[in-house]
Amino acid sequence: MSTHREQREALGGYALGHGDDAERAAVRAHLDGCAACRAELAALTPLRARLAGVDPDRLDDAPAPPPGLGDAVLARIAAEQATAPVPLHRRRWAPAVAAVGIAAAGVVVGWVARPVPDPLPLEAVAVQVADADVEATADVVPHTWGMEVQLSGEGFTAGEVYRVQVTEVDGDSVPAGEFLGIGPGQLDCNLNSSVLREDATGFEVLDSTGTVVLASDF
């Protein structure tokens with residue numbers, strides 16, 4: 001039998017849709033009886049959209065400062081030192097201050113020049129809610145590997161596991177992940193499906209009894 005620690009360590013992979021059927025079933029069984037892990041999974045789930053926008057080929061890229069920046073900073077410091085008298089006690093610290101200034105300039109330039117991924121091509125879709133306590137909106141994002149459903153709403157019963165499934169053109173339903181309801185609070189989650197956007201006609205959200213509480217027809 002797996003321990004609480006082992007199941008907690010598996011939450012990250014579970015949130016990303018990893019693991020075989022047995023591993024995911026074990027995590028779900030643990031979540032049913034562990035409020036702490038349910039809360040941790042709810043905190044991890046919104047991060048999946050950010051991870052989906054990361055380009056793995058650019059993770060090792062280090063932004064380089066523009067040519068001549070170091071010389072320009074040193075020239076500016078030299079010019080200010082030449083025009084303003086500096087007290088003796090400050091002169092002792094001048095080299096260190098200049099070094100800190102160059103380092104700070106490098107950090108600022110690096111931040112400005114950092115790679116920024118293109119915005120996701122969101123497609124707003126209408127949703128029909130069957131549960132009067134639930135309010136929700138949704139967007140879908142086409143990917144080369146399938147389709148992403150970005151669901152926002154409130155009123156999903158706290159602690160209840162909801163399943164999401166995408167409907168294909170031929171009527172088959174394909175799982176797109178699960179999420180935990182958090183009650184009246186705002187819930188934002190991203191669900192991934194292997195169904196391509198052009199092959200999908202909608203999606204459904206089902207509660208733990210299999211009842212459809214929300215549906216969208218594209």
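Zero disulfides were counted, a disulfide being a pair of cysteine sulfur atoms within 2.5 Å. The structure is a predicted model, in which local features need pLDDT of at least 70 and side-chain atom pairs count only at pLDDT 80 or more, while totals for chains, interfaces and linings use all residues. Residues are numbered from 1 along each chain as its sequence is written, and side-chain values use heavy atoms, with hydrogens and water left out.

A disulfide is a covalent bond between the sulfur atoms of two cysteines. For cysteine 34, the closest cysteine sulfur is that of cysteine 37, at 3.5 Å, which is too far for a bond. Cysteine 34 is buried, with a relative accessible area of 9%; buried denotes under 20% relative accessible area, exposed over 50% and partly exposed in between, with a 1.4 Å probe and protein chains only. Cysteine 189 is also buried, its relative accessible area being 3%.

The protein chain contains eight helices and nine strands, taken as DSSP runs numbered from the N terminus (helices H or I, at least four residues; strands E, at least two). Of its 218 residues, 30% count as buried. The accessible surface of the chain is about 13300 Å², and carbon and sulfur atoms account for 58% of this area, as computed by the Shrake-Rupley method with a 1.4 Å probe, where for residues only the protein chains shown count as cover. Where contacting residues are at least 6 apart in sequence, 56% of the contacts join residues at least 24 apart, a contact being heavy atoms within 4.5 Å.

The largest nonpolar core comprises 25 residues, and those with the most contacts inside it are Leu151, Phe156, Phe179, Phe203, Val205 and Leu214. Such a core is a set of buried Ala, Val, Leu, Ile, Met, Phe, Trp, Tyr and Cys residues joined through side-chain atoms within 4.5 Å. At least two residues of this core come from each of β3 (135-143), β4 (146-154), β5 (161-168), β6 (173-180), β7 (187-193), β8 (200-206) and β9 (212-217). With neighbours within four places in sequence left aside, the contacts of valine 205 include Leu151, Phe156, Phe179 and Leu214. A second, separate core has nine residues, including Leu11, Tyr14, Val27 and Leu180.

Serine 216 lies in strand β9 and is buried, with a relative accessible area of 1%. Its C-alpha atom is separated by 6.4 Å from that of glutamate 204, 12 residues apart along the chain. Beyond neighbours within four places in sequence, serine 216 is in contact with Val125, Ala126, Val127, Gln128, Thr201, Gly202 and Phe203.

Pockets and cavities were assigned on a 1 Å grid over the protein atoms alone: a cavity is a set of points where a 1.4 Å probe fits but cannot get out, a pocket is an open set with protein on both sides within 12 Å along at least five of seven lines, and lining residues have an atom within 4 Å of a point. Grid points are joined across faces, edges and corners, and a volume is the space filled by probe spheres set on the points. The second largest pocket holds about 330 Å³. Its lining has 14 residues, with Arg24, Pro175, Ala176, Gly177 and Asn192 nearest its centre. Two or more lining residues are given by α3 (21-32), β5 and β6, and β6 gives the most, with four.

Two cavities of 30 Å³ or more were counted. The largest cavity, of about 50 Å³, is lined by Tyr14, Ala15, Arg24, Leu41, Thr45, Arg48, Glu178 and Phe179.
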